[in-house]
Each structure stands twice: as structure tokens, then as C-alpha cells.
There are 2 protein chains.
Amino acid sequence: MANISFKPGNMLYPLPVVMVSCGDAPENYNIITVAWAGTICSTPPMVSISVRKERHSHGIISRTGEFVINLTTEELTRATDWCGVKSGRDVNKWQEMNLTPCESFTVKAPGIAESPVSIECKVKQVIELGSHDMFIAEVTGVRADDRYIDPATGAFELENAKPICYSHGKYYSLGRLLGKFGFSVKKKSEKKK
Amino acid sequence: MANISFKPGNMLYPLPVVMVSCGDAPENYNIITVAWAGTICSTPPMVSISVRKERHSHGIISRTGEFVINLTTEELTRATDWCGVKSGRDVNKWQEMNLTPCESFTVKAPGIAESPVSIECKVKQVIELGSHDMFIAEVTGVRADDRYIDPATGAFELENAKPICYSHGKYYSLGRLLGKFGFSVKKKSEKKK
């Protein structure tokens, strides 16, 4: 191995790839796919998404101060890609991709019913960074599809929804489970639990 | 399926899980594992990491204004978990995990030689959010391990480094390639390329 220098660029991968839904009335509901998204605070629960000013959803989110992050799955891979390439100015992404808006608990923006988890967000701050504006938001509600709740344990098992991620221009399924948080310091007796 | 309401919380997954290295002299070099990390802007390339005030690395990054994001791999899973649980106040994480600091191109903070990619960052802004402070930073340099460059194409193939991600308390390898960005709008003739 030898170290080489790349020009400064976006090399943080894998990243989430989520469908962000927005709008405050059915006639302006839209979807934008975002990989520049992340969790930024635990308490209160907060997230950020970064969106180019020229994107149709940028105007909607700026005006309404709300959006919903919908997790994506293997089954939704094509819709995820398509909603990141097309513009809501030209097409109705819901109709074209057979996605169904569903009512949110805490915001006017709809969730996507076909997504296993919809995270409802209210914008707290917008930071202009350059090509992208970062919307910093608080999570105000979460809708989940109960088919991913394990009836035996009552736990929500996201992996059963077959989530996907985005790495350097490619979409991937999740692979092998490598360990749970804290596994490196667990004693053998605890591991059995 | 039926929709259920969860209390507002951190449900955005999968996420990256990276080892962030920091410090400006060998005696204070440290590593902290972070999943609250993401890309926030393309031009200029910018990232954010969120760190609790009480973490040892919080003080170092606040003082030096620099950090390095090191991508993690299947081989580094145990070190990744361990560096997220232990504190640099108590242990030397480099020694305990057999990790090697390597000189960065643009910052005093070292990279981790065992990582396939080290992203050198300079802090531009710190935002206090609650449990976590968000460090907003510009990418000033990238070190990559040339063994992941495909000799035939010259392209850097991150997947050959076997990257990992973090989803709802668990570490996973990447699984199947599901498509490349833009695949949903490619014509058949283009797909053959």
C-alpha cells in the first residue's frame, strides 16, 4: 500500500439515501431523493438534509418549513433513483412511481406509505454553504409500518425492511451483520443474552 | 400493514460509522467513533460531525479546529466499536487497537493508516444543538490507499475495501450492488456500456 492524495472532494461513504417528501397540500406534494442527509443530535432528535437552491423541493421546504424523511428499501431502489434525477416541476413523482402520500402525525408534509419509516421534521435553521443549503431540523414525529415489528419481542426490526445505502455512486443492500454496538467490550457471559 | 406512531427519535438509518482522528501532536492524538456524520455540501466539499461536549475529542477538535474522518471496513469493525465506547482520557486508542497515525497533507491532525480513505477537515462553524455540538467543516484534503485503485481503469473502488455502515445499533457489511446512480433513466443502449 501507498498513500496517495486526492483532490478535496466528497468521499464520505456509505451514506443514507432517503426520499424526502414535502408540500402542504396534495397539489404541491413533491419528493426529492437526498444522500446528503444525517442525524446531527440525539436530544432533541435532530437531522439535516442538504438541497441545492435550484431544486423544486428547495422552494417548497423553504416556504413550509417542514419535510419528511422516508427510509428506502431494496424494493424502492428504482423509485429512489428516479426521484433523484427527475424534477417535480415536470412530473408528478407520486403517480409515476406509484407512491402513496400518507398523512403525517405532526406536520402537513405527507409521508410515503410504501416506506417502512417516515421521519417528520420541522426546520429550525437554514445554512447556505455553497452549492447546497443545509436544512437543520428537529424530529417531531415518526411513522413506522407495523409489519416490521417482531411479534415475539415487540422490537422494530428495520433490517427486515431490507434498507439500502449509497456508496460512491452506487446503491447497495445491507450485507452481513458484523456486530452490535458495544460488542467489543462485552464479556462472554453478556454475549449469550 | 398499519401505520404506528413512534415517539420522536433517531431513526434515520443506515448511517456511516467513521473513526475521527484529531490532535496536533503525537502525545494528544485521539480517535472517536462517530455515526452522526455526513456530507452537507458538494462545492465546496463539506461535512459535519456531531460530538457530545463531554467527549475527550470534543475539547481537542474545539481547540485545534481540525479533524480527520477515516472510513471504516469489515476488518476495522472491532476497532470502530471499541473507539466509540472507550475514552482517550483513560486509554491510548492507537496502541490498544494497533492503529497507526499517518501524516495528513493539509492538517496537523493525523489520519489512520489502516483506513482506506482519510478525509482532512477544517472546522468552519460549531452549532450547539443540545446533547451534541455539530462541527461544520470544509474538506481540505483526501488521503487514499492506492491498493483500492483498479489498475485497469484507474478508478478508486471503495467497495474493494469492504466498507461498513451502522443501522439501528448494528454494524453491517455492504451487500449486493442494486444499481448505479441514474440507472432508472438510462436507455438500454447506454446500459450496455
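Predicted model: local features only at pLDDT ≥ 70, side-chain atom pairs only at ≥ 80, totals over all residues.
Helices (H or I, at least four residues) and strands (E, at least two) are DSSP runs, numbered from the N terminus, while axes are lines fitted to C-alpha atoms, for helices over the stretch in contact, and angles run from 0 to 180 degrees between N-to-C directions. Contact here means heavy atoms within 4.5 Å.

Within chain B, four bridges join E11(B) to the antiparallel strand E12 (residues 170–180), and Ser167(B) stands opposite Lys170(B) in E12(B).

Pairing across the two chains is also found at strand E1(A), which four bridges join to strand E10 (residues 132–145) of chain B in an antiparallel arrangement; in E10(B), Asp145(B) is the bridge partner of Asn3(A).

The contact as a whole takes 91 residues from chain A and 91 residues from chain B. The size of an interface is often given as the accessible area lost when the parts come together. Chain A and chain B bury about 8,000 Å² between them, with 63% of it on carbon and sulfur atoms, where buried area is the accessible area (1.4 Å probe) that two parts lose on being put together, summed over both. Across this interface there are 42 residue pairs in polar contact, with both residues at pLDDT 80 or more; a polar contact is a pair of N or O atoms within 3.5 Å, and within protein one must be able to donate a hydrogen and the other to accept it, while residues adjacent in sequence count only if both atoms are side-chain atoms. The elements that give two or more residues to the side of chain A that touches chain B include strand E9 (117–128) and strand E10 (132–145) of chain A, but the largest share, eleven residues, comes from E12(A). The residues of this side divide into 51 nonpolar, 25 polar and 15 charged, with Ala, Val, Leu, Ile, Met, Phe, Trp, Tyr, Cys and Pro counted as nonpolar, Asp, Glu, Lys and Arg as charged, and the others, Gly among them, as polar.

Six salt bridges are counted between chain A and chain B, a salt bridge being a side-chain nitrogen of Lys or Arg within 4 Å of a carboxyl oxygen of Asp or Glu. One of them joins the side chains of Glu74(A) and Arg176(B) (2.8 Å, N to O).

A cis peptide bond joins Tyr13(A) and Pro14(A), with omega about -10°, and another joins Thr43(A) and Pro44(A), with omega about 0°.

Residues are numbered from 1 along each chain as its sequence is written, and chains are lettered from A and ligands numbered from 1 in the order in which they are written. Local features need pLDDT of at least 70, side-chain atom pairs count only at pLDDT 80 or more, and totals for chains, interfaces and linings use all residues, while side-chain values use heavy atoms, with hydrogens and water left out.

Key
Pairing = 2+ DSSP bridges.
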